[in-house]
Amino acid sequence: MGNAWWNLTLRFLLELAALLGVGIAGWSLSDGWWRWVPALALPLIAAVLWGTFAVLNDPSRSGRAPVPVPGAVRLVLELVILFGGAAGFYVAGYTTTGTIIALLIAISYAFSFDRPVGC
């Protein structure tokens, strides 16, 4: 079920929501024109981390890993970024959105039990 079309679609949307969530958090936790810095930098940092640290021979990617890491490390990275995005919505005052996203993350991972750790 981890590679079912609906779960892959949900996972992609959750990844986008995570980037938006950390950006919204960066915006809401700053004032003035400086708020643009964390609002743009936090999602960029999350995206770079997501794309850089990968499990070698991960079938959901090209199989290449710019920086190979064990599956458990990748899993922790994914969970930090995804739940960080949900927390970003929550911190910015969008509590219902943050809660719904966190529940959807849990559902996606519950149906991904057949995937190797971190893939």
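Contact means heavy atoms within 4.5 Å. By that criterion, the buried residues of helix H1 pack against helix H2 (36-52), helix H3 (71-91) and helix H4. This is a predicted model, in which local features need pLDDT of at least 70 and side-chain atom pairs count only at pLDDT 80 or more, while totals for chains, interfaces and linings use all residues. Residues are numbered from 1 along each chain as its sequence is written, and side-chain values use heavy atoms, with hydrogens and water left out. Helices are DSSP runs (H or I, at least four residues) numbered from the N terminus.

**Helix H1**

- The 24 residues of H1 should span 34 Å at 1.5 Å a residue, and the end C-alpha atoms are 34 Å apart, which agrees; the expected span is 1.5 Å times one less than the number of residues.
- Buried residues (under 20% relative accessible area, 1.4 Å probe, protein chains only; exposed is over 50%, partly exposed in between) of H1 include Asn7, Leu10, Arg11, Leu14 and Ala17.
- Gly21, Gly23 and Gly26 are also among the buried residues of H1.

**Crossing of H1 and H4**

- The axes of H1 (residues 5-28) and H4 (residues 95-110) come within 10 Å and cross at roughly 145°; axes are lines fitted to C-alpha atoms over the stretch in contact, and angles run from 0 to 180 degrees between N-to-C directions.
- The crossing is left-handed, a term for a near helix turned anticlockwise from the far one by less than a right angle.
- H1 contributes Asn7, Leu10, Arg11, Leu14 and Ala17 to this contact, and H4 contributes Ile101, Leu104, Ile105, Ser108 and Tyr109.
- These residues divide into 7 nonpolar, 2 polar and 1 charged.

**Salt bridges**

- The whole structure holds 3 salt bridges, each a side-chain nitrogen of Lys or Arg within 4 Å of a carboxyl oxygen of Asp or Glu.
- Arg11 pairs with Glu15 at 3.7 Å, N to O; both lie in H1, 4 residues apart, about one turn of the helix.
- Arg11 is buried, with a relative accessible area of 11%, whereas Glu15 is partly exposed, at 21%.
- Arg11 also forms a salt bridge with Glu78, the closest N and O atoms being 3.1 Å apart; Glu78 lies in H3 and Arg11 in H1, so the pair ties together parts that are 67 residues apart in sequence.
- Glu78 meets Arg74 in a salt bridge at 3.0 Å, N to O, and both of these residues are buried.
- Salt bridges that share partners join Arg11, Glu15, Arg74 and Glu78 into one network.

Notes: Helices (H or I, at least four residues) and strands (E, at least two) are DSSP runs, numbered from the N terminus. Ala, Val, Leu, Ile, Met, Phe, Trp, Tyr, Cys and Pro count as nonpolar, Asp, Glu, Lys and Arg as charged, and the others, Gly among them, as polar.
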